[in-house]
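Morning, everyone. Please have the sequence and the model open side by side. I'll start as soon as it is up on the screen.

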Amino acid sequence: MGRPAPRIAPSILSADFARLADEVARVEAAGADWLHVDVMDGHFVPNLTVGPPIVEALRKVTKLPLDVHLMMTNPDAFIPEFAEAGATYLTVHVETCPHLHRTVQSIKERGVKAGVTLNPATSLETVEEILVEADLLLIMSVNPGFGGQQFIPSVLGKIARARQRIDQAGSGALLEVDGGVKVENAGRIIAAGADVLVSGSAIFCSADYGAVIGALRQAAHHTAPASGVSPAGRPARRH
Ligand code: DX5
Ligand code: ZN
């Protein structure tokens, strides 16, 4: 038999920030497994988003695991604050961590699950030595910084190779994919080996969050575009 159904992690980057608690309640009721929180510093990526106070506020309004994606130049300096705020996963970019093993240990010492991630053009070899320590490997399928971008097709092969490396290393790390994930491509991403799908605009710019979350989860069984999932609602935005 195949692997368990993929976990779906809506990215709040595409949510209506003025109604954040409502948006979180809606995706939770719609069957989300995790909540993905994109932290951007305006330096590592050309955008600014949220910090520990928002993670702390989210922690109070949802029981969902908080999957915090740190797109920042100096994550080490903020790990204590994000851990204290209630992050479940803290994921750092290899491009920003010269002492990646130390950073991962620092996350785990605080009782938080440690994720590592890499940009589309960064080789998988950069995470090879840390795989057995990591709880999560996040493969970026867009260049980070904005929601609503197109999935980079060549990343599919990288996802498959990441799956092999995790399995060969005997690592317990979950394999997560982030960027441009939609009902139309989710089947191929799951088939390549993903355990967790992040999806922002496909969910939050739709009229029916539950339909999209359900279709993403079922995509392993329906690789053709799912019917009945309308992209209606608010238009896609670049955040
Ligand atoms: C991109 C972020 C993603 C983003 C995904 O830098 O890391 O999490 O919110 O949004 P979509 O699903 O719209 O590509
Ligand atoms: Zn992200």
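Salt bridges first. A search of the whole structure finds 8 of them. By salt bridge I mean a side-chain nitrogen of Lys or Arg within 4 Å of a carboxyl oxygen of Asp or Glu. Side chains of opposite charge can pair when their charged atoms come close.

A word on the model before we go on. It is a predicted one: local features need pLDDT of at least 70, side-chain atom pairs count only at pLDDT 80 or more, and totals for chains, interfaces and linings use all residues. Residues are numbered from 1 along each chain as its sequence is written, chains are lettered from A and ligands numbered from 1 in the order in which they are written, and side-chain values use heavy atoms, with hydrogens and water left out.

Back to the pairs. E23 and R26 meet in a salt bridge, 3.8 Å from N to O. They are 3 residues apart in helix α1, residues 20-29, so about one helical turn separates them. Helices here are DSSP runs of H or I with at least four residues, strands are runs of E with at least two, and both are numbered from the N terminus. Is E23 buried or exposed? E23 is buried, at 1% relative accessibility. R26 is partly exposed, at 37%. The cut-offs: buried is under 20% relative accessible area, exposed is over 50%, and partly exposed is in between, with a 1.4 Å probe and protein chains only.

Next, helix α5. R163 and D167 form a salt bridge there, 3.1 Å from N to O. They sit 4 residues apart, about one turn of the helix. R163 is buried at 12%, while D167 is partly exposed at 49%.

Now a pair that reaches further along the chain. R217 forms a salt bridge with D33, with the closest N and O atoms 2.8 Å apart. D33 is partly exposed, at 26%. There is also a network: salt bridges link D16, R19 and D22.

D38 lies in strand β2 (residues 35-40) and D178 in strand β7 (residues 174-178), so the pair ties together parts 140 residues apart in sequence. D38 is buried at 7%. D178 is buried too, at 9%.

Last, helix α6, residues 183-192. It is mostly covered, with 7 of its 10 residues buried. Among them are V183, I189 and I190. The cover includes α5, β7, β8 and α8. After α6 comes G193, with a positive phi near 125 degrees.

Questions, please.

How values were computed
Contact = heavy atoms within 4.5 Å.
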